Amino acid sequence: MKKNKQKYYHIITYGCQMNEHDSEKISWLLEDLGYVWTDTKENSDFIVYNTCLVRENAELKVYGQLGALKGLKRQNPDLIIALCGCMMQREEIREIILSKYKHVDIIFGTNNIHKLPQLIHRYEQTGDTIVDIIEDSREIVEDINANRMYSYKAFVNIMYGCNNFCTYCIVPYTRGREKSREPKNIINEIKELTSKGYKEITLLGQNVNSYGKTLNYNYSFAKLLREINKIEGLERIRFMTSHPKDLSDELIEAMASLDKVCEHLHLPVQSGSNKILKAMNRKYTREEYLLLIDKIRKAIPEIAISTDIIVGFPGEREEDFEETLDLVKEVRYDSAFTFLYSIREGTIAANMENQVPDEIKHNRFQKLLDTLYPIFYEKNLNYENKIVEVLVEEVSKNDPNMLTGRTRTGKLIHFKGNRELIGQLVDVRIDKIKTFTLEGCLV
Ligand code: 5AD
Ligand code: SF4
């Protein structure tokens, strides 16, 4: 990088929390090179797209954005455009980028973020398009820091990759096989965060319940939680995502007994039909899932449960979809992420017959929301007049006099307060119930 002239960077992130956290690492690497964040692409000397491949719409957005960047590159030929993330792990996508979007300068993947400074150096030396991908890696790179978005809550990776091969999902093909970080590295990272005043951590992995399986010794996710729970100064532990097939009694017991583990569980069900669950390769039945929910609620009565649901998976008949609706009514979720099934080339489901027509998918999607939303509202009614602990996150986007934060159960709370409270734990009495948020007053 040339001396004297300040250079600016901008990162656009698509997809999951894993990607968000990867962007925090990229940001740290760039700032270490002297780059400074800017909010606009127009002011940037370096633009990174951290891409997602989980559904088609995330993919299409990237192509759209890249097309629009051509003009910017023409105005500023020194601008460096980099692409990374799950899309870049696929060779056929890299080929499209290299042939149709020649203004892209650097392509790297999910396994070699740490190499970015080297790649930038190589690009600056040669001016050639740099493509650097590691298909899969057993190695975990530890000495990479993150420029975290918040100063009081942080993501911490505990494992990478996924071995489950749900038939609709591209992740095992982009993030590779499952590998767990050493517990001591995780604990040290969290201790460092708490020493800086961080109060809440979210442990990240595609399937946190199978944490430890790739270590050379016996170690479980429950054990990791017990160790993290001992860390002084830490107030809240969250984690995602849990696979129902791996959620053990030991883990439920740990969640119930450890004071810092929040009363919230994200437990993706995907479908309520056994036929579809089997075709998805989820390895549990509707009945087993419901028993699990029962067990968790008995152990932790106040727990909030959220989920992921896909509608329109290949072969989903009306009666299969009805079973999803029935399951949703039986479980009574606190919140849910709902998705239209999206064909992902390279997955098993992409080649299944009986793909569901778009119109039917959309109708079912709407019906699912119509079933879910009243349940969310009714669940929220339980909070009326209750006093809840809130970690204050930020000033409300809609009203500068209001703050937002979350309860231990993950509910989003709006209340009047001074921005100095950001990052603190406060008590709020809930006086207004909505479907997606709760409102209240400081007590
Ligand atoms: N189509 C629709 N939704 C998908 N998900 C993963 N792959 C697909 C797909 N091909 C959803 C699942 C998963 C969440 C992260 O994304 O519900 O739990
Ligand atoms: Fe995808 Fe299934 Fe792995 Fe989740 S558990 S990342 S849905 S393959």
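Predicted model: local features only at pLDDT ≥ 70, side-chain atom pairs only at ≥ 80, totals over all residues.
**Entry 1: around ligand 1.** The shell holds Val 54, Arg 55, Tyr 168, Gln 270, Asp 308, Ile 310, Phe 339, Leu 340, Tyr 341, Ser 342 and Arg 344. Residues are numbered from 1 along each chain as its sequence is written, chains are lettered from A and ligands numbered from 1 in the order in which they are written, and side-chain values use heavy atoms, with hydrogens and water left out.

Next I sorted this shell by class: six residues are nonpolar, two polar and three charged. In this scheme Ala, Val, Leu, Ile, Met, Phe, Trp, Tyr, Cys and Pro are nonpolar, Asp, Glu, Lys and Arg are charged, and the others, Gly among them, are polar. I also looked up which strands take part: β13 (304–311) and β14 (335–340) each give the shell at least two residues. Strands (E, at least two residues) and helices (H or I, at least four) are DSSP runs, numbered from the N terminus.

Then I checked polar contacts (here, pairs of N or O atoms within 3.5 Å). Oxygen atoms of ligand 1 lie 2.6 Å from a polar side-chain atom of Gln 270 and 2.6 Å from one of Asp 308. For Arg 55, a side-chain N or O atom is 2.9 Å from an oxygen atom of the ligand. Taken alone, ligand 1 exposes 400 Å², and the protein buries 85% of that; these areas come from the Shrake-Rupley method with a 1.4 Å probe.

**Entry 2: around ligand 2.** Here I found, among others, Cys 162, Cys 166, Cys 169, His 243 and Arg 282. Tyr 168 is in this list and also in the one for ligand 1. By class, the shell of ligand 2 has seven nonpolar, three polar and one charged.

**Entry 3: aromatic pairs.** I counted 14 aromatic pairs, meaning rings of Phe, Tyr and Trp (its six-membered ring) with centres within 6.5 Å; planes under 30 degrees apart are stacked, over 60 edge-to-face, and the rest tilted. Tyr 168 turned up again: with Phe 313 it makes an edge-to-face pair, 6.4 Å centre to centre and 85° between the planes. These two are 145 residues apart, with Tyr 168 in the loop between β8 (159–160) and α5 (171–174) and Phe 313 in the loop between β13 and α11 (318–331).

**Entry 4: backbone notes.** Which peptide bond is cis? I noted the one from Met 240 to Thr 241, with omega near 10°. Thr 241 sits in the loop between β11 (236–240) and α8 (249–257). Asn 281 is not a glycine, yet has a positive phi of about 65°.

Conventions:
Near = heavy atom within 4 Å. Polar contact = N/O pair within 3.5 Å; in protein donor to acceptor, adjacent residues only side chain to side chain.
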